[in-house]
Amino acid sequence: MTDDLPKIDRWNSEPLDVHTWSDHPEIKALCDQLYDEAGLSVLERKGNRKPKRTVRESLRVLILDLYVKWLKDPSISVGFSKSMKDYKVGSRYNGLFVPRKIIEVEELLVDAGYVEELPHFNSPDRTARSYTTRIRHTEALRCLFNNLTIDLHDIDTHSNEECIILHDKYVDDPDDDTNRKIEYSEEQLPPDELALLDTLRSQLHAYNALLKRTFIDIPSYTSSTFKRTITKGRNAGRQQTISLGSDNKFVTRVFNGGLAGKWQLGGRFYRGWWQQIDKEDRSKIYINDQPTLEVDFKAFHPNLLSNELGVRLADDPYDLGELILPDVITTQEQQRAYVKLLVLMGINADSDKKAYQAFRNSDRKDKLGQSLTDLQLGALLNAFTNKHSQFDGILNTGQALRLMNIDSQIANLVIDHFTQKVIPVLCIHDSFIIQYDKEPELRRILDQATHQITNYTVDHDIKNERHNHSGKVSGNIKGYEEPVVVQFHTPIRIEPVSQYHDRKAKFTKWLELSGNILTG
């Protein structure tokens with residue numbers, strides 16, 4: 001057998017997941033073998049004090065994470081930090097108590113020929129990114145992996161993982177080194193905040209348990225993983241491997257502003273593979289083998305902000321009616337897209353300069369957008385505020401995190417409503433995916449939740465393309481005594497490939513064996 005994998009690509013990597021666990025006998029036997037062959041007994045602590053996580057158990061976490069990534073895509077490497085500060089046994093974000101000794105475990109696996117490394121990179125430029133060591137299974141370890149029958153369903157990739165995350169600030173990039181997690185403990189929190197977090201965590205645990213028991217897939221996909229090219233932001237051009245499996249359904253809530261934010265900044269729902277794919281692919285999602293639709297709030301943050309200011313926005317707030325820069329932007333469609341992006345950046349940013357720079361950085365392939373000057377972008381934004389004067393002096397003042405907290409409260413009410421009814425709903429911040437026949441209830445709950453949080457409602461519509469039909473209806477109802485032509489829609493169904501049926505059968509079998517059958 002020859003090793004035909006490409007060299008480790010620093011970009012094609014995922015961070016070490018310290019919450020991966022399984023008691024499957026195959027994994028325990030493999031780890032026992034590696035423990036002996038790599039000579040890990042030298043790492044055992046002398047004396048009677050027993051660690052929270054033994055050397056063998058630390059080895060199991062590392063091997064399981066390598067195995068999970070190998071199952072998804074053998075070319076993926078693991079971002080492995082060799083900094084001791086990243087393995088705090090008492091950390092809220094280290095639920096399996098993985099110790100610093102895992103660094104020495106990895107080093108001995110390298111010496112034994114089971115793991116290969118790409119060394120870390122520290123950039124001398126503080127504005128540039130540095131990178132942790134990348135590690136990956138060698139051919140010797142892959143040969144051992146090939147003998148295993150353990151499946152992803154047999155592995156808990158989120159064992160004892162914290163689902164309420166606190167950051168010091170908002171960075172729209174989960175891999176950004178500045179997006180620092182903040183430790184917090186119950187002793188630090190006043191009673192009202194502690195009660196709030198207990199409720200939110202309990203709701204999220206129930207939601208994640210429901211997602212775990214729900215078959216969410218795309219019937220036309222021949223594989224449970226696929227490659228996606230990132231098109232926007234600092235990582236534009238990179239390829240990302242997306243898993244549709246059980247390892248990628250766990251959802252967290254991320255709050256911002258540290259403890260000083262008092263859980264009133266951010267709070268949105270993150271992760272779940274449906275957030276990691278393009279909207280065209282989202283329209284193909286099936287939940288429990290049924291087609292879905294996506295209901296989307298219209299111009300959500302501008303509407304939330306405008307309603308707070310006492311003005312209800314028109315149907316399309318981004319349509320300025322005339323071209324503002326006709327020599328540069330020559331179509332209404334292009335101008336509308338730029339105005340929309342610019343307004344959203346203006347809501348997020350706390351200064352004009354940051355908003356304009358964020359606009360230019362949003363899409364590296366858009367050469368026209370990148371070429372627009374501050375003066376030109378200011379003209380577009382001024383035209384918007386001239387049309388909607390309530391926004392004058394409000395944009396570029398850092399409204400985003402506060403508005404995100406509002407939309408996260410609405411999303412939490414929606415998710416909790418359907419979770420209690422054992423109906424899975426998927427959240428993409430300001431839009432929701434649900435089984436097609438649940439559309440009326442979803443739209444009713446969206447209105448109720450929005451009104452409960454804000455005292456008003458925001459319009460929403462359906463993103464999916466559908467089959468349009470018309471037919472005559474009559475009956476003993478006022479207005480329908482004579483036949484009336486009505487319009488109705490049906491979903492565009494997808495012909496499943498054989499691999500989809502295989503994935504569904506495997507999931508169904510796991511449900512039966514684990515006793516996790518959904519009951520409403």
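Residues are numbered from 1 along each chain as its sequence is written, and side-chain values use heavy atoms, with hydrogens and water left out. Because the model is predicted, local features need pLDDT of at least 70 and side-chain atom pairs count only at pLDDT 80 or more, whereas totals for chains, interfaces and linings use all residues.

**Exercise 1. Determine which residues of helix 14 are buried, which are exposed on the other side, and what covers the buried ones.**

Step 1. Helix 14, residues 498-514, has 17 residues, helices being DSSP runs of H or I with at least four residues and strands runs of E with at least two, numbered from the N terminus. From its first C-alpha to its last, helix 14 reaches 24 Å, close to the expected 24 Å, where the expected span is 1.5 Å times one less than the number of residues.

Step 2. Tyr 500, Arg 503, Phe 507, Trp 510 and Leu 511 are buried in helix 14 (buried is under 20% relative accessible area, exposed over 50%, partly exposed in between, with a 1.4 Å probe and protein chains only). Seen down the axis, the buried residues of helix 14 fall within an arc of 100°, so they line one face of the helix; the arc is that of the directions from the helix axis to the C-beta atoms.

Step 3. On the other side of helix 14, Asp 502, Lys 509, Glu 512 and Leu 513 are exposed.

Step 4. The cover over the buried residues of helix 14 includes helix 5 (191-212), strand 6 (216-217) and strand 11 (286-287), contact meaning heavy atoms within 4.5 Å.

**Exercise 2. Explain why the pair Arg 312 and Asp 459 ties together parts that are 147 residues apart in sequence.**

Step 1. The side chains of Arg 312 and Asp 459 meet in a salt bridge of 3.5 Å, N to O.

Step 2. Arg 312 lies in the loop between helix 7 (300-308) and helix 8 (332-348), and Asp 459 in the loop between helix 13 (439-454) and strand 15 (460-462), so the pair ties together parts 147 residues apart in sequence.

Key
Salt bridge = Lys/Arg side-chain N within 4 Å of Asp/Glu carboxyl O.
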